[in-house]
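Dear colleague,

I am handing over the structure that we spoke about, and it is shown just below. My notes on what was found in it follow, and I would be glad if you read them with the model open beside you.

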Amino acid sequence: MAYAEAHADRGVTVTDLAAEARLSVRALQNAFRWHRDMTPSQYVRQVRLERAHRDPQVADPSTGATVAAIAAR
């Protein structure tokens, strides 16, 4: 999960997560279902949506951070 959170702004795939966890894709999916009641893809999507909600609230406009730039990430 730390890998997913650290790399959520990149194209993290289930295969990437499984490799990082040293599990098969199926084992990772089963573990997420058991412990999180969601798929790994749903978890990554949730992390991205939480950031999309939070980032504009804490962005500093003086640095050029715009809603469009945040959304593009």
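Before the helix packing, a word on terms: axes are lines fitted to C-alpha atoms, for helices over the stretch in contact, and the angles between N-to-C directions run from 0 to 180 degrees. Helices (H or I, at least four residues) are DSSP runs, numbered from the N terminus. Please keep in mind that this is a predicted model, in which local features need pLDDT of at least 70 and side-chain atom pairs count only at pLDDT 80 or more, while totals for chains, interfaces and linings use all residues. Residues are numbered from 1 along each chain as its sequence is written, and side-chain values use heavy atoms, with hydrogens and water left out.

The packing of α3 and α4

Two packed helices are described by the angle between their axes and the distance between the axes. For α3 and α4 the angle is about 65°, and the axes lie 8 Å apart. On the α3 side the contact (heavy atoms within 4.5 Å) is made by L28, Q29, F32, R33 and R36, and on the α4 side by P40, Q42 and Y43. Sorted by class, this contact of α3 with α4 holds four nonpolar, two polar and two charged residues; here Ala, Val, Leu, Ile, Met, Phe, Trp, Tyr, Cys and Pro count as nonpolar, Asp, Glu, Lys and Arg as charged, and the others, Gly among them, as polar.

As to the helices themselves, the expected span is 1.5 Å times one less than the number of residues. With twelve residues, α3 reaches 16 Å from its first C-alpha to its last, close to the 16 Å expected. The 19 residues of α4 should span 27 Å at 1.5 Å a residue, and this agrees with its end C-alpha atoms, which are 27 Å apart.

The aromatic pair and its surroundings

A pair of aromatic rings is described by the distance of the centres and the angle of the planes. Rings of Phe, Tyr and Trp (its six-membered ring) pair if their centres lie within 6.5 Å, and planes under 30 degrees apart count as stacked, over 60 as edge-to-face and the rest as tilted. By this rule the count is one aromatic pair: F32 and Y43, tilted, at 5.7 Å centre to centre and with 55° between the planes. Because F32 lies in helix α3 and Y43 in helix α4, the pair ties together parts that are eleven residues apart in sequence. Both F32 and Y43 are buried, where buried means under 20% relative accessible area, exposed over 50% and partly exposed in between (1.4 Å probe, protein chains only).

Leaving aside neighbours within four places in sequence, Y43 is in contact with M1, A4, E5, F32, R36 and M38. M38 is found in the loop between α3 and α4 and, at 16% relative accessibility, counts as buried.

The nonpolar core

A nonpolar core is a set of buried Ala, Val, Leu, Ile, Met, Phe, Trp, Tyr and Cys residues joined through side-chain atoms within 4.5 Å. The largest one has twelve residues, namely A4, A8, V12, V14, L17, A18, L28, F32, M38, Y43, V44 and V47, and α2, α3 and α4 each supply at least two residues of this core. V14, which is found in helix α2, counts as buried at 17% relative accessibility. Not counting residues up to four places away in sequence, V14 touches V25, L28, Q29, P40 and S41. The buried residues in α4 are P40, Y43, V44, V47 and D55.

Two positive phi values

Most residues other than glycine have a negative phi. R22, in the loop between α2 (14-21) and α3 (25-36), has a positive phi near 60° without being a glycine, and R22 counts as exposed because its relative accessibility is 77%. D37 follows α3 and is found in the loop between α3 and α4 (40-58); its phi is positive too, at about 55°, although D37 is not a glycine. At 63% relative accessibility, D37 counts as exposed.

With best wishes
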